[in-house]
Amino acid sequence: MEIILGAFVTSGLTLFIFSFLYKDNPFFKIAEHLYMGAGLAWYIQLTIYKVIIPNVWGPFRKAWENGDWFTIWMIVIPTVLGISLITQFIPRISWMSRYGFTFLMGYSAGLALPTGLSTDFMNQILGTIEPFASVLNLTTGQLLNSIILLIGTISVLFYFFFSVEHKGAIKKISNFGIYFLMIYFGASFGNTVMARFSLLYGRFDLLVRYSNAQYFYATNWIILGLVIYFIVEKFLIKKVIANNS
Amino acid sequence: MKETLNKMLKIDRRWLFLLLTFAIIIPILKPIGIPSKSTSDAVKDIYDFIDKLPPGSTIILSLDYDPSTAPELHPQAAVVLKHAFKKNLKVIIMTFLAGSGGLIDELVRTIPTKYSKEYGRDYVLLPYMPNILAALTQMSSNIYAFYEKDIDGKPLREYEMMKNIQSYKDIACVVDITGTAILDYWVAYVGDKYKVPILGGVTAISQVGYGPYLQKKQLKGLIGGMKGAAEYERLISEVGKGTSGIDALNIAHILVIVFIIFSNIVLLILKFL
Amino acid sequence: MKIIKKYIPLAIVFIFGMITLASYYVPHRTSEEYLEWINRWENIVSAFALFLGMISLFYVHYKKIERKVDGWGYSLFVYIGFLIIMVAAMISHGDISKGGKVTCLGWTFNNIYNPLSATMFSVLAFFIISTAYRAFRIKSTSAFMLFLAGLILMLGNIPLGEIIWDKLFSWTHITIAEIKNWIINVPSTAGKRGIMIGIAIGAAVTSLKIIFGIERGYMGKD
Amino acid sequence: MMKIIKFSLISLFFISNLFAMPSKSKKQAEQKNQNIELSSLQLIDYPSDRGDMIILKWDIEKENDLTYEIYVSTNKENWIKAKEVKNGEWTLEKIDLPFWMWNKKESKNAVLLEVTKIFSISEEDFFDKYKDGFKLYAKLNILNKNKRFETQIVEGMAKGNWFRTDRLNSLITVIIVSLVFFIVVSHAKKKELFIRRIAGLDAIDEAVGRATEMGKPVIYVPGIGSMSNISTIASVFILGEVGKKIAQYDATIKVPHYDPIVFTVAKETIKQAYIEAERPDSYRDDINMFITQDQFAYAAAVDGMITREKPAACFYMGYFMAESLLLAEVGASAGAIQIAGTDIDSQLPFFVTACDYTLIGEELYAAGAYLSKEPMLVSALKVQDFGKLLFIIFASILSIILIIAAKTGSTNFTNTILDILKVR
C-alpha cells in the first residue's frame, strides 16, 4: 500500500516539476510551494536531531549533572547570541541581532586569511614552478606543458589587473588570458554534461518503472491528467478570448 | 530563406527539450546497445575475477549508495549480482549507508527469481550498520558478532549458506559499490589488513581517484560509472540498465553536439547570405 | 549607544578574527579545542537562524493567505509540506531507517523530498541543452575556444565519441582521450589557477578588511 | 659527522638484570642480548605539534643490514614494541619539516612515534590526563645478522607546542600582505584612482534604465551563501548600489533570499539605499522576501518568480552552486538582461554561457570599489593587484632559477626554494 502511494506521490511530484518545462502551471506551483515548506522542514529536523540533540543538548545535560560550568556557559552564550537573531522582528532593537553573527564573521575571516594565502597562493606558486625543478627528467612534451601552464596562468592574472588600463601590451596579454579562461569554461561545461544527463536518466528510469501494472500505472495516470489539463486549459483560454472579442 | 534561418536560431527551446526527452526515454524502453570501442581493463579484471571463482564460493556485496548516485551505481550492483548468480556464487548483501534500503529491496525483488535463487540458500541480506569501522574489523574474526540477525530479524547463523561462514577467510571477495569513501575503508581496513580481494564500483566522477589503488593492485578491479556497467553487461551478455543508460548518454551527448554544430552552420550560412 | 550598537560588534569581529588567525599557527591542543567550541557555537547560532527563516517563511505566506493575494491558495501547501516532514521526523525521531526498515521519515525522504530535489536538479540537463544551443556559437576567437573545449570534452566522455573520432581522425594517431586529458590538465588548469589565485588574494584582502572593521556592510547601515 | 657506536660490554650483566620482563619466554630471549651504549640515541619532542608525537633519532651506521626494534614504555617496565625499522630506512629527511627546523642532511635514523596509537590511549583521555606532557622511555634492540644488542634507555617528553614553526613561511606572507595593506589603505587619497572598465558593472545602468522604460521589475538574486561568504558580502554591497539606482529611476526591484541573516542585512541595505537616493517613501518592506533555505526549493521558487514577473533584468551576484544554470536559463528565456557574478569557479561556465555579462571571480570583489569609488576600497584593490604582481614575478623568476639550478645540479638550492613555498 505505502509502496503504491509512494509511487503515485513520487511520480506525481516528479512530473509536476517537469511540467514547468512546458510552461508555468498550477501543478508546478503546488510542487514549488510544497517544496518550500518541505525543504525548510527537512533542514530543521536535520538540525534538531543530528546537531542540536547530540552536540548541544546532550553535552549540556551532562554538564548540568556534573556541574561543569565551563561547558554550560559555552552553550548558554551562543544560545543567547542565537536568540538575539530573533530581534530582527522588532525594528527598534533589531541591532541586537548583530551580536548573533559578528563572531561568525570574525571567525570565518580569520580562517580564510591564512588558508587562502597559503593553500591558494603559495601552494599555487609551488605547483606552477615545481615541474621546472625536475627539468632534466621531463620529456619535451611535459616541459612544454609546464611552460604553457605558467604562461597561461600569468596571462589570466593580467586579465584581473584592475588598477592599470588595459591597452597596448597589457591588453594583448589579458586577451590571451581570456582564451585560457574560455577553454576552462568550455571544458568545465562539457565535463558536467555527463553527470547531469545521468541524473535525468535516473528520473526517467524511475518514471518508466512506475508506469508498470505493479504500481497501478502511476506515471501513466498522472501524465494523462496533466495532458488533459493542458488541453482543457488551451481550449478554455481560446474560448475566453473568443468571447471577449 | 534568411528569415527561416533566423527563426531556426531562435527556435522555441521546448522542441529541444522534447528531443532530449526522446533521446533518453527510448533507450530506457528499448536498449539499443551502441557499441563501444573497447572494454576498460579495470572492468575486464573484475569480470575475470568473479568468473574464475569456483561455484559455491561466497562473496560479500556491499551496496553503499543512495538515490543521489543510484542512476550510475544501481546498474552496476544489478550486473554484479546477475553475474554472481550465473556463476552459482552465494552472496551476502550488506550496507553501511542508511539511504540505500529501498534500492537494495528493489534489486532482490527482481533479480534472484530470474535465476531461481532462494533467500537463505543463495543469498542473505544484512541490516544497515552505522558503525562501519567496527563492523569491518569485527568481521575478521566473527561475522556474527555484529550481524547476529539478518534483515528480517531471523538468526543469521541458521541459514543454509551461512553454515561454513565464520570470518573473512571464508569469503572469496568483497565487491563494494558506492559513491562515498566506504570503498577506501574496505581497501584500507579489510583488503590490506586481512588480504581479502576487494573489487569496486564507483561513479564516473570519482573513478579517476582510484587509479593509484588499481595500480598497486589494492583494488582487483573497478567499474566506473554507467559506462563501466554497460561494459560489464556486455561481458555477461545481459542487456540491462547500464546498457540503456550508456545508450541514453551517448545519444543525448550526440544530440547536444549536433545542436551546437547545427546552430554554427546556420550562423555561417547567414553570414554569407 | 553607538558603542553598544557599533563598536562592540566590531570588537567581537576583531577578537574572534585574530584568535582564529592565530589558531592556524598554534598547534597546541588549546587551539584545537577553541576551534571545536566555535564550531559548536556556529551550529547553535545557525540553528537559530533556521528558526528565523522558519518564522519569516510562515509570516510571508500567512500574510498572503490573510490578504487573499493572487494565488494565496498555493501558500497553504507551504504549511502542508512543512508539517508532513516535521510530523514524520517526530514520529521516527529523525531516523531515516531503523533496523533495516524505512521509517516514516524515510518514506517522506524517498517519496517527497528526494523526488522534488532530484527532479529540480535533473531539470539542469534540459537547460544545458538549450544553453549550449544558444551560447556555443562561434562569434569570436574566444567563443571558438569555448566551443572547441566543450565539444572535445563532450565527445571524449562517451564511447560513441571515441568511435566517431577514430573514424574521422585516426590518421592523426592521437586518441580523443589524450586530447581531452591534455585540455583538462594544461590550458584549463591554467585558466582555473588564474581565477583561483585572484580569488585567494581578493579573499585575503577582504578578510583583512573585515577583521579590522573597514568592511562593515554586513552589519547593515545605521 | 660522528658515526661511532660505543660498545660497552662491561655493564652487560648489571643492566640486563634491572629489567623486569613481562613473560618468561621473553626473558630468556632478552638474556641473550648484549647491552651496548648508543650515545647518539635521543628521544626528542616533535616540534610544532599538539603533543602526541615524539621522534627517536640516532646515527645511521655504515653497516647496512642492521635492523632496529623500537621499544617504548611509560614506566621502564612494560615495554611495547612500537616499530621495526631498517638502518637508513627512516631518516630526518623523510620527516616532512622545512629546512629551518633542522638540518635535513644530518645522516640520522629518525622515527616518528605517535604516542596515542602506540599506547592505545583515546585522544580525549590523552589530552585530559597529560596536559603538561607525556613522559616516556625508549630503547632499541639492534639486530645484526643473528646477534642482538640492546641499547641504554633514553627518556623524553611529548609536549604540545605553541607555535607551528613549519608554518613560519605562511606567517611571514600574511604579515607582508597585511603590512602592504595597511600602508596602501592608510595612504588612500581622495583623488581619483584608476580602475579598469568592468563591462558587467557598466551594464547595470543600462539594465535598470531598461526596467524603468519597460515598467517591469528587476530581480536581484543574492545566491545561497551565508553572510560570512565573501561573495555574499560583495553581493550585498552591490545590492546597495543597485538599490540606489533603482530608487533614483523609480523602478521596482525584488530580492528573493535563501539565508535569513542575509535577508535581514539586505533589508537594511535597501532601506538605506532608498534614503540615500532621497526616496525613502518609495521603500516597501516586501522588496526583500525570504524564500526558503533549501537549495533546489529556492531555485524552483525563484524560477517561478522569474516566469511570472517577466523581469526586464536579472542580477545573480554571490555564492551559487548547481542552481546557477537553473536560474540563468529561465531568466534568459524570459528575455531579461542578465548580469551575473560569482567566485565559485565551477559555476562560472554556466553564467558565462547563459548571461549577457558575467563578473568572473575577483571582478565580483572589485565591484564594490568600482561602483562606489570609495578611496579606501579602491586602494584595497591595489593591494590585490600587488599580490598578483607578486605571483607573476615569483613564478616567472623562480622557474628560470629552478631550471638553471637543475641544469647545474644544485639540488640543495632547489629544495630550499621549494621548502620556502611549501605550506604544510
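Me: What makes domain 1 and domain 2 of chain B domains?
Reply: The bounds come from an automatic or database domain assignment. That assignment gives chain B a domain 1 made of 2–30 + 249–272, and a domain 2 running 41–239. Their C-alpha centres lie 41 Å apart.

Me: What should I keep in mind about the model and the numbering?
Reply: It's a predicted model, where local features need pLDDT of at least 70 and side-chain atom pairs count only at pLDDT 80 or more, while totals for chains, interfaces and linings use all residues. Residues are numbered from 1 along each chain as its sequence is written, chains are lettered from A and ligands numbered from 1 in the order in which they are written, and side-chain values use heavy atoms, with hydrogens and water left out.

Me: How many helices and strands does chain B have, and what counts as one?
Reply: Chain B has 11 helices and six strands. The C-alpha trace of chain B spans about 80 × 40 × 35 Å along its principal axes.

Me: What share of chain B is called buried?
Reply: 52% of its 273 residues. Buried means under 20% relative accessible area, against over 50% for exposed and partly exposed in between (1.4 Å probe, protein chains only).

Me: Why do C:E215 and C:K209 not count as a salt bridge?
Reply: A salt bridge needs a side-chain nitrogen of Lys or Arg within 4 Å of a carboxyl oxygen of Asp or Glu. For C:E215, the nearest side chain of opposite charge is C:K209, 4.5 Å away, so there is no salt bridge by that cut-off. C:K209 is likewise buried without a salt bridge.

Me: Which domains does chain D have?
Reply: Chain D is divided into domain 1 (42–162), domain 2 (167–190 + 377–421) and domain 3 (199–372). The contact between domain 1 and domain 2 of chain D takes six residues from each.

Note on methods
Lys and Arg count as positive and Asp and Glu as negative; His and the chain ends are not counted. Helices (H or I, at least four residues) and strands (E, at least two) are DSSP runs, numbered from the N terminus. Contact means heavy atoms within 4.5 Å.
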